[in-house]
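Hi everyone, thanks for making time. Today I'd like to talk about aromatic rings, so let me put the structure up.

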Amino acid sequence: MSDWNQQIIDEFHANEGKVGGMFEGKDLLLLTHTGARSGKQRVSPLVYTTDGDRIVIAASKGGADTHPDWYHNLVANPAVTVEIGTERFPAKASVVEDRAERDRLYAGMVAHAEGFADYEKKTDRVIPVFVIER
């Protein structure tokens with residue numbers, strides 16, 4: 001795990017899920033997932049939105065041309081643990097396959113955090129969207 005991610009995770013835990021910097025005012029969760037090849041537990045801090053009872057995350061990787069590592073982990077091992085604020089719960093992640101639904105959910109990400117619009121412009125890939133359900 002990068003030092004940068006660890007600093008965010010530490011700040012998240014110290015402040016009941018609130019962090020500053022580039023995540024100030026954004027909804028942030030910690031996603032614990034299992035490595036696709038290593039089988040090791042990993043923690044990723046991610047901006048999220050909601051759609052009804054579902055949590056929505058996007059595998060943007062800042063607009064890179066490749067998916068983030070956690071994308072491959074969730075496809076291989078969809079059982080995850082989510083931390084929001086002080087709550088921690090088991091859940092299941094799934095890729096949104098329907099393009100119209102994916103586009104609608106991604107638009108919600110852009111509305112919450114405008115940086116997601118820039119990420120989409122930086123890459124030719126369709127940025128995958130996941131829904132997470134308890």
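The count of aromatic pairs comes to five, where rings of Phe, Tyr and Trp (its six-membered ring) pair if their centres lie within 6.5 Å. Planes under 30 degrees apart count as stacked, over 60 as edge-to-face and the rest as tilted. One of these pairs is Trp 4 with Phe 23, a tilted one at 6.0 Å centre to centre and 45 degrees between the planes. Because Trp 4 belongs to helix H1 (residues 3–14) and Phe 23 to the loop between H1 and strand S1 (28–34), this pair ties together parts that are 19 residues apart in sequence. Helices (H or I, at least four residues) and strands (E, at least two) are DSSP runs, numbered from the N terminus.

A quick word on provenance: this is a predicted model, where local features need pLDDT of at least 70, side-chain atom pairs count only at pLDDT 80 or more, and totals for chains, interfaces and linings use all residues. Residues are numbered from 1 along each chain as its sequence is written, and side-chain values use heavy atoms, with hydrogens and water left out.

Now, is Phe 23 buried or exposed? Phe 23 is buried, at 11% relative accessible area, while Trp 4 is partly exposed at 46%. Buried means under 20%, exposed over 50%, partly exposed in between (1.4 Å probe, protein chains only).

Next, Tyr 71 and Phe 130 pair edge-to-face, 5.7 Å centre to centre with 70 degrees between the planes. Tyr 71 sits in helix H2 (residues 69–76) and Phe 130 in strand S7 (residues 129–133), 59 residues apart. Phe 130 is buried at 1%, and Tyr 71 is buried at 16%. Together with Trp 70, they form one aromatic cluster.
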